Amino acid sequence: MAVMGGTERAAKFRWALIDVVVLVYALVPVLWIVSLSFKTKETLTDKNFIPREWTLQNYVEIFSTNQFLRALLNSVGIALIATVIAVVLGTMAAYAIARLDFPGKRLLVGVSLLIAMFPQVSLVTPLFEMERSLGLFDTWPGLILPYITFALPLAIYTLSAFFREIPWELEKAAKMDGATPAQAFRRVIAPLAAPGVFTTAILVFIFCWNDFLFAISLTSTTSSRTVPAALSFFQGSSQFEDPTGTVSAAAVVITVPIILFVLFFQRRIVAGLTSGAVKG
Amino acid sequence: MKAVSEGKKAERRLGLWLCAPAALVMIAVTAYPIIYSVWLSLQRYDLRFPAEREFVGLANYVTVLSNSYWWTAFGVTTFITVVSVVIELVLGMALALVMHRTLVARGLIRTVALIPYGIVTVVAAFSWRYAWEDTTGYLAQLFGDSAPLTQRASALAIIILAEVWKTVPFMALLLMAGLALVPEDLLKAASMDGATPWQRFTKVMLPVMKPAILVALLFRTLDAFRIFDNIFVLTSGAQQTGSVSMQTYNNLIRGLNLGVGSTMSVLIFLAVAVIAFLFVKVFGAAAPGNDGGKR
């Protein structure tokens, strides 16, 4: 940028101010729910942004009820399994799209684009009916299946963008040395692709972790209800006379992994989200 | 020569095998249910009275399309979609410029901006709800101890606020990808020729970024149209703030009417298809990943 001497400090100061606006924008709603989760029952309605009295009571309460622990287990289990399957299937498909010439390639790209734009709510009623008759309603697989489906386009796009960046001469070299395409994929490309696969896994996990619509429509008991869905059942439940504190504490608990991902993998997440977009 | 074509065949076979599982799952969980949905929408099928299941043609469509609740929900959904996407585009562009150009703490800003993107929508929605509820809220207090979530206009405004807050960073990231494509030399040349920052923005940056903007708008519009989580937590659709997704959900869980529910599913699917079609054909949004339009 063409900024000279004295004006440079002014420019820096201006950017610092703008940065502060962004910080406040992004953090205030998060800090508010954190604040609520540490308020005592008596001060919960004092409307103060910062708690006047701090307590861990809300956290003690949620971790001593089965309702929350079971939901947390469901959330972690379902999101992890869906992520692993979606990333494995997505990696295979993205490799084929990025590297191989085969009939139906454009069709697959088109189909996954359609699914990325698909209104998930349109599936709620038919899936409800299908899963009831297949015995999948209110089970882990009943949620894992739609999660994989809607994570796949994301996985395929992100991964094929990463795969286009890989130095493919190495693959050729491996083939020259007598490796089959499958071997070249396993021995040479897979290790090189690991960072992209990892990034995709984070994005897919965030997607599954976030879902509410399927979680609330395709479950009916605590056996498969994930935390986002369970939160709305804290309301007016007899176990918690005033659910605000406990809902906030539970909300903070499921936000922790997101914050950790963002803190440690900011670069990767940005690269992953933008790689899929530039191609347009 | 023989060996080459053998290799090509092997490549094709491998390609198909690698794609088959992903394609099968996607089709089994979307294409089949939506076709099944069309079939269900032509029947009277209420889980409370399963014995009365029968083929009724387009009767369910007549029921839904002549229902004022449906049209209210449709209007609300359209309103929220248009208003929030416009605000998101403006704020998203501003945030993209900040993330792209800031001289101070660029990494920190990018990290912090990802928090709204990553946070669970329901969590953010609860935070907004407690902020605006008259019993707990610091924001409600700021605006004179009212209960804004119990009035239609203010409730809609809060729903849009929650939606915008959450998705501006995503919009900004998509736009930032477009910003990265703007050649620095071009900007320098423009400023040499005496272009103001605003002219540089509208005459140099926007034209280069147009494809990225259209893709971002397309994705955000379709996403905003299926708004559900925020409304569910903030108002549960009270005071006529429910979206079409809320209607479909309520009809399924409270009404257990699969025939009417499927009709709504099909109608929402068609609405989304129309939006996507308009974007691609009228505005010329290149479908991302479409090999034909690429580089």
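The model is predicted. Its largest nonpolar core holds 167 residues. Across the interface, 91 residues of chain A are in contact with 85 residues of chain B.

**Nonpolar core**
- Seven of the 167 core residues touch the most other members: A:Ala93, A:Ala151, A:Val204, B:Phe126, B:Ala172, B:Leu175 and B:Leu234.
- Helix α7 (residues 152-179) of chain B supplies the largest share of this core, with 17 residues.
- Beyond its neighbours within four places in sequence, A:Ala93 is in contact with A:Leu108 and A:Ile156 in chain A.
- A:Ala93 also contacts B:Leu18, B:Cys19 and B:Ala22 in chain B.

**Helix pair α5(B) and α7(B)**
- Helix α5 (residues 121-132) of chain B and α7(B) have axes that come within 10 Å and cross at roughly 140°.
- Angles over 145 degrees count as roughly antiparallel. The two helices, α5(B) and α7(B), are therefore oblique to each other.
- Their crossing is right-handed.
- On the α5(B) side, the contact is made by B:Thr121, B:Ala124, B:Ala125, B:Trp128 and B:Trp132.
- On the α7(B) side, B:Ile158, B:Leu161, B:Ala162, B:Trp165 and B:Lys166 take part.
- The residues of this contact divide into eight nonpolar, one polar and one charged.

**Interface of chains A and B**
- On chain A, 91 residues are in contact with chain B; on chain B, 85 residues are in contact with chain A.
- The largest share of the chain A side, 18 residues, comes from helix α11 (residues 243-278) of chain A.
- By class, the chain A side has 65 nonpolar, 18 polar and eight charged residues.

Conventions:
Residues are numbered from 1 along each chain as its sequence is written. Chains are lettered from A and ligands numbered from 1 in the order in which they are written. This is a predicted model: local features need pLDDT of at least 70, side-chain atom pairs count only at pLDDT 80 or more; totals for chains, interfaces and linings use all residues. A nonpolar core is a set of buried Ala, Val, Leu, Ile, Met, Phe, Trp, Tyr and Cys residues joined through C-beta atoms within 7 Å. A residue is buried if 20 or more other C-beta atoms lie within 10 Å of its own, exposed if 12 or fewer, and partly exposed in between; C-beta atoms are placed from the backbone. Helices (H or I, at least four residues) and strands (E, at least two) are DSSP runs, numbered from the N terminus. Two residues are in contact if their C-beta atoms, placed from the backbone, lie within 7 Å. Axes are lines fitted to C-alpha atoms, for helices over the stretch in contact, and angles run from 0 to 180 degrees between N-to-C directions. Angles under 35 degrees count as roughly parallel, over 145 as roughly antiparallel, 65 to 115 as roughly perpendicular and the rest as oblique. A crossing is left-handed if the near helix is turned anticlockwise from the far one by less than a right angle, and right-handed if clockwise. Ala, Val, Leu, Ile, Met, Phe, Trp, Tyr, Cys and Pro count as nonpolar, Asp, Glu, Lys and Arg as charged, and the others, Gly among them, as polar.
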